[in-house]
Amino acid sequence: RVTALDFAPTAIAETKANADKAGVELEIVEADLFEFSLDPANARFDYVVEQTIFCAIHPSQRADFAHAMANVLKPKAKLVTLIFPLEE
């Protein structure tokens, strides 16, 4: 099972269109990661693949990001992240 999460409606729409086109079944959640992570029911993931959230947030939010990841991951789960993408 795969869950995609983004706060931007346009990203959600594009994800849904791409999944439908590819015939991929996934849960799509439109939410702010920081709010989503506060609900204990969302602590359900074995893996989180994160792309460029960390580099897009203000440095003062980095501890909040770490807490959000800890809140959504199951014990002994893995976080895979692309923190600072490099061009070329």
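## Briefing: a β-α-β-α-β-α-β chain

Read along the sequence, this protein follows the pattern β-α-β-α-β-α-β. That gives three helices and four strands, where helices (H or I, at least four residues) and strands (E, at least two) are DSSP runs numbered from the N terminus. This is a predicted model, in which local features need pLDDT of at least 70 and side-chain atom pairs count only at pLDDT 80 or more, while totals for chains, interfaces and linings use all residues. Residues are numbered from 1 along each chain as its sequence is written, and side-chain values use heavy atoms, with hydrogens and water left out.

**Overall picture**

- Along the principal axes, the C-alpha atoms fill a box of roughly 35 × 35 × 20 Å.
- Of the 88 residues, 23% are buried; here buried means under 20% relative accessible area, exposed means over 50%, and partly exposed is in between (1.4 Å probe, protein chains only).
- Among contacts (heavy atoms within 4.5 Å) with a separation of 6 or more, 68% are between residues 24 or more positions apart.
- The protein exposes about 6,600 Å², and carbon and sulfur atoms supply 56% of that area; accessible areas come from the Shrake-Rupley method with a 1.4 Å probe, and for residues only the protein chains shown count as cover.
- There are 8 positive and 14 negative side chains, and the centres of the two sets lie 9 Å apart.
- For that charge count, Lys and Arg are positive and Asp and Glu negative, with His and the chain ends not counted; each charge is placed at NZ of Lys, CZ of Arg, CG of Asp or CD of Glu.

- Strand β1 (residues 3-6) and strand β2 (residues 27-30) run parallel and are joined by four bridges; two strands pair if DSSP finds at least two bridges between them.
- In this pairing, Asp 6 stands opposite Glu 30 of β2.
- Together with helix α1 (residues 9-22), β1 and β2 make a right-handed β-α-β unit; right-handed means that, with the strands pointing away from the viewer, the path from the first strand over the helix to the second runs clockwise.
- Ala 11 is found in helix α1 and is partly exposed, with a relative accessible area of 23%.
- The C-alpha atoms of Ala 11 and Glu 30 are separated by 9.0 Å, and the two residues are 19 residues apart along the chain.

**Strands β3 and β4, with helix α3**

- Six bridges join β3 to strand β4 (residues 73-82), and these strands also run parallel.
- The chain gets from β3 to β4 through helix α3 (residues 62-72), in a β-α-β crossover that is right-handed.
- Across the pairing, Gln 51 stands opposite Leu 82 in β4.

**Residues to look at**

- Asn 42 sits in the loop between α2 (33-36) and β3 (45-51).
- With a relative accessibility of 12%, Asn 42 counts as buried.
- Leaving out residues up to four places away in sequence, Asn 42 touches Phe 36, Asn 71 and Val 72.
- Thr 52 has a positive phi of about 65 degrees although it is not a glycine.
- Thr 52 belongs to the loop between β3 and α3 and is partly exposed, at 25% relative accessible area.
- Lys 76, not a glycine either, has a positive phi of about 65 degrees.
- Lys 76 is found in strand β4, and its 82% relative accessibility makes Lys 76 exposed.
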